[in-house]
Amino acid sequence: MKFITAQKHGQSFVGVLDVSEALVLPLTKKENGCDFPQSMIECIELGDEFVKQAERVLQQASQSDFLELDAVELLAPIPRPRKNIFCVGKNYREHVIEMGSKDDIPEHVMVFTKAPTTVIASGAPILSHQEVTEQLDYEGELAVIIGKEGKAITKEEALDYIFGYTILNDVTARDLQSRHKQFFIGKSLDTTCPLGPCIVHKSVITDPNALQIETKVNGEVRQSSEKEKMIFSISEIISVLSQGMTLEPGDIIATGTPSGVGKGFNPPRFLKVGDEIEITIDQIGVLKNTVANL
């Protein structure tokens, strides 16, 4: 199942896409004892019961219950996370090398965060922030959505704590990242975390570590993970994060980006106003945004 957050006439709702992905069923009505919350995080907090209820309503829905997807405004699946987004750095070998050398390949999971205010939907503009950066870059990534509270999670049980998966663009101001000698400021400019377009429930994905990522800029393929594998698996990432720290429903974990980022080219190919970034992950969909100077 693919879940979205959208709004119509100023009212936001959680919806489930039909097979064609051209129609969305709003999960808002009391039907068959189902009373769905308005926010994705609240729905996720309901656990498996939410998914079962959504499946039942979807099976019983009539054509008139659906809305044309083009007739609603798509929001990020989780428009405003409750916490910073967890991000894993240097999780693809060739990306590590393009940003430095083999000596930089980490022995342990490397984690930084992005502020909740960075999140935008697929289709929303990425601000160029020309007043503060000249080195805006893209990073296509698979993101994990945590489904239930957990602490001290083992690698063997880690996948049980996942609700689903989505696409994330870890847009980065490289000059700010370098200037401040840390990641947070360069990773947390407004609009620098496009997220979506949907959350795919974990039941759809057999092996999340095998999902392929492709990033295009203005139609040109820049990133492709077809022959690259994560250094640290999703199970290991979740386990490491949960040691001494409680993971909660709706937490977002970006799992790292493959090689091909703008800074990795010689000379670098940073984003400019008008550039369109399109990130595709099989079985999830396409996240598309354009850089704008608003």
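Let's start with E139 and K187, whose side chains meet in a salt bridge at 3.5 Å, N to O. By salt bridge I mean a side-chain nitrogen of Lys or Arg within 4 Å of a carboxyl oxygen of Asp or Glu. E139 sits in the loop between strand 10 (136-137) and strand 11 (140-146), and K187 in helix 5 (residues 184-187), so this contact ties together parts that are 48 residues apart in sequence. Helices (H or I, at least four residues) and strands (E, at least two) are DSSP runs, numbered from the N terminus.

A quick word on the model: it is predicted, so local features need pLDDT of at least 70 and side-chain atom pairs count only at pLDDT 80 or more, while totals for chains, interfaces and linings use all residues. Residues are numbered from 1 along each chain as its sequence is written, and side-chain values use heavy atoms, with hydrogens and water left out.

Back to our pair: buried or exposed? E139 counts as buried because its relative accessibility is 4%, and K187 is buried too, at 2%. The cut-offs are under 20% relative accessible area for buried, over 50% for exposed, and partly exposed in between, with a 1.4 Å probe and protein chains only.

Now, please find K114 and D170, another salt bridge, at 2.7 Å, N to O. This one links distant parts of the chain, 56 residues apart: K114 is in strand 7 (residues 110-114), and D170 is in the loop between strand 12 (162-169) and strand 13 (172-173). K114 is buried at 0% relative accessibility, and D170 is buried at 0% as well.

Here is the part I enjoy. Both pairs belong to a network of salt bridges linking K114, D137, E139, D170, R174 and K187.

For another setting, look at R269 and E220, with their closest N and O atoms 2.8 Å apart in a salt bridge. R269 lies in the loop between strand 17 (252-254) and strand 18 (276-281), E220 in strand 16 (residues 220-224), so the pair ties together parts 49 residues apart in sequence. Here R269 is partly exposed, with a relative accessible area of 31%, and E220 is partly exposed at 32%.

How many salt bridges does a search of the whole structure find? The total is 14.

Last, the cysteines. Taking a disulfide as a pair of cysteine sulfur atoms within 2.5 Å, the count comes to zero. C198 is in no disulfide, and the nearest cysteine sulfur, that of C43, is 15 Å away. C43 is buried at 0% relative accessible area, and C198 counts as buried at 2%.
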